[in-house]
Amino acid sequence: MITLKKLNRQDTKHPKIQGFASVAFWLPALMLLFPLHSFASRSAAIDSLITSFERTPSTATANSFFMLLGSEQLFDEPINLTTDTPTDSVSQMFWYWAAEWLFDNQEYATARDYALRALPLYRFPSEDKAYCLNLLGVVSVRLGSFGNAVTYAKEALDIFMLLGNADDISSAMNTLAGTYMAAGQPQNAEQYILQGLDYADRANNPRRKAILLGMASEVYLRLGKNDKSLDFASRAYSLDSLIGNTGRLPVRLSMKAAALEALGRNDDALDAYNLAIEGLRATGNKQSLAITLNKLGFLLQKSGKSAEAVNCFHEARELFSSLGDLYNLVMSQKGLYESYWNVNPDSARVALDRFNQLKDSLYSNATADALAKYHAAFDNDRLKAENEALHRNHYIGIVIAVIILLLVIAVALWCVARIGRRHRREMLEMLTLIKNSEAAHTPASAPESAPSETSFLQQVIDLVEDGIENDISRCSVAFIAKQLSISEQTFRRRVREATGQSPKTFISAIVMERAARMLSDTPEIPVADIAARFGFDDASGFTHAFKRVFGCTPTQYRNNHI
């Protein structure tokens, strides 16, 4: 599965730009006034491929689409899918990049629809899914759906925080800051934009930092901290100039103009707005053009130039309507009805009615509730604590699992040791019984018809010794019972009555006792040979059985009893 980030061009170094009135400040913006090469035919080809893929999805169509997007420098490496790429992965990538393409071309409603097609195809939290969520957050702001915007941006930020990529985290924080700005909550936007700038510095991404500096300028303008706003806008302009990002310079000019206006420098602001508008027309950035027209309209209105302001708001309104940008459309309509009061009161009343309808649509109760709900949820401290808690809970879970595992192992070892001790005790009791039986045995005193228990045990001992001497297989319960002319059941009962243990335990004790005797009496015979003689396939099995009875290895026993 391949999903690539949008292209970040190689940084270039230029002399630092100082001052609003310097030649270096104006020159890049003036260059933007020259017409750019049209890519209408390529855009039509891309739209055709989207239509074709929607009708019949295929890897070939997707690769053709990615090739055209690559020529538009939308991503930094070519995408070429193979025929064995899963169908869901092909569709996921196609619809995501279709959404990116349409977003870049400011077709927000369609971009949202395509991103929503891609989103369900991400089955697990991942960097790719977070990119899609972040895109949906930005698109939702442009469409005035703030509740959805916050939801998408929050999910994206959570994933990026988990993955720990500073550049992606800064991008998601910028989206959240923009969402709160659009919702009229700059005080909440401030904490995100400052933290986002910190992450952009960690990522060492000047393009990302320029974007966040621009957002910071807007945040502080809304907070009434106009000197800060101008400073951030100037820094954004300088940084974009240094890295050769000339397409963003008119946007930075518009931001600086707004800060200059707020500082009462209206003539400088008017010049900056006009130059920014010319540059934005040249680049085809309809979104920023419409926003700047709105700003210029309000400045003209404030300067008593209502007729000129009406023209600005009219053009902005048409642009925002075509873009589906409900939030900014409301601002255009507001400026329009206010400017009309001094030009045509009848038109003003019509514009006011339209403004109220749009405002009610934008700030519905559902949207207000959603914003209130998410205000606390997106507090900066909560985000930080949530991330720390995630890691802390992860480590606590590991520690608890290790403790439980150690307890289970300890209990198992205790049980094994307990069983081993009991087995050793039983075998030692058997060894004592064997010695006592041998010491008390007097063949002449044993009646043939009703042998005593001691005589019975001695017979068993003799038969086991004969098996050890001649054929170890004769040491089985079945063979010994047959030699005693009794049933296995009777044999088992009599052995248990005499020893308190099973016949198998008693026979094993005899075998181990004889093995121990051989170890001490014949030191010249290797342990492995003794093991084989007593029916063990290898020395390790003999060592294990011997140690369970005597608590030491055969070699240790031999060394202690020679």
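**Reading a predicted helical model**

User: Is F550 buried or exposed, or does it fall in between?

Analyst: The classes rest on relative accessible area, with a 1.4 Å probe and protein chains only: buried is under 20%, exposed is over 50%, and partly exposed lies in between. F550 has 21% relative accessibility and therefore counts as partly exposed.

User: Which residues are in contact with F550, leaving aside its neighbours within four places in sequence?

Analyst: A contact requires heavy atoms within 4.5 Å. On that basis, F550 is in contact with L431, M512, A516 and Y557.

User: How many helices and strands does the protein chain have, and what are its overall totals?

Analyst: The protein chain has 26 helices and zero strands. It consists of 562 residues, 46% of which count as buried. Among contacts with a separation of 6 or more, 64% join residues 24 or more positions apart. The accessible surface, from the Shrake-Rupley method with a 1.4 Å probe and, for residues, only the protein chains shown as cover, amounts to about 27,800 Å². Carbon and sulfur atoms account for 54% of that surface.

User: How does the span of helix 16 agree with expectation, and which of its residues are buried?

Analyst: The expected span is 1.5 Å times one less than the number of residues. Helix 16 (residues 326-340) has 15 residues and should span 21 Å; its end C-alpha atoms are 21 Å apart, which agrees. Because 12 of the 15 residues are buried, helix 16 is largely enclosed by the rest of the structure. The buried residues include L326, Y327, L329, G335 and Y340. Q333 is also in helix 16, and its 1% relative accessibility makes it buried. Apart from residues up to four places away in sequence, Q333 touches R317, A351, R354, F355 and L358.

User: What does the same reading give for helix 9?

Analyst: Helix 9 (residues 186-203) has 18 residues and should span 26 Å; its end C-alpha atoms are 25 Å apart, which agrees. Its buried residues include P186, E190, Y192 and Y199. After helix 9 comes N204, whose phi is positive, near 55 degrees.

User: How many salt bridges does a search of the whole structure find?

Analyst: A salt bridge places a side-chain nitrogen of Lys or Arg within 4 Å of a carboxyl oxygen of Asp or Glu. The search finds 21 of them. One joins D158 and K154, at 1.8 Å from N to O. These residues are four apart in helix 7 (residues 146-163), so about one helical turn separates them. D158 is partly exposed at 25% relative accessibility, whereas K154 is buried at 15%.

In helix 22 (residues 488-499), E497 and R493 are likewise four residues apart, or about one helical turn, and their side chains form a salt bridge at 3.3 Å, N to O. E497 is exposed at 54%, while R493 is partly exposed at 44%. E318 and R317 also form a salt bridge, with their closest N and O atoms 3.6 Å apart. E465, E513, R514 and R517 are linked in a salt-bridge network.

User: How many disulfides does a search of the whole structure find?

Analyst: A disulfide is a covalent bond between the sulfur atoms of two cysteines. With the cut-off of cysteine sulfur atoms within 2.5 Å, the search finds zero. C312 is buried, with a relative accessible area of 9%, and C552 is buried at 13%.

User: Which residues form a nonpolar patch on the surface?

Analyst: Patches are made of residues with over 30% relative accessible area and no salt bridge; like charges are joined within 9 Å, and nonpolar side chains (Val, Leu, Ile, Met, Phe, Trp, Tyr) within 5 Å. Here I398, V402, L405, L406, I409 and L413 form such a nonpolar patch, with about 550 Å² of accessible area together. I409 lies in helix 19 (residues 380-440) and is partly exposed at 41% relative accessibility.

Terms used: Residues numbered from 1 in each chain as written. Predicted model: local features only at pLDDT ≥ 70, side-chain atom pairs only at ≥ 80, totals over all residues. Heavy atoms only, no water. Helix = DSSP H or I, 4+ residues; strand = E, 2+ residues; numbered from the N terminus.
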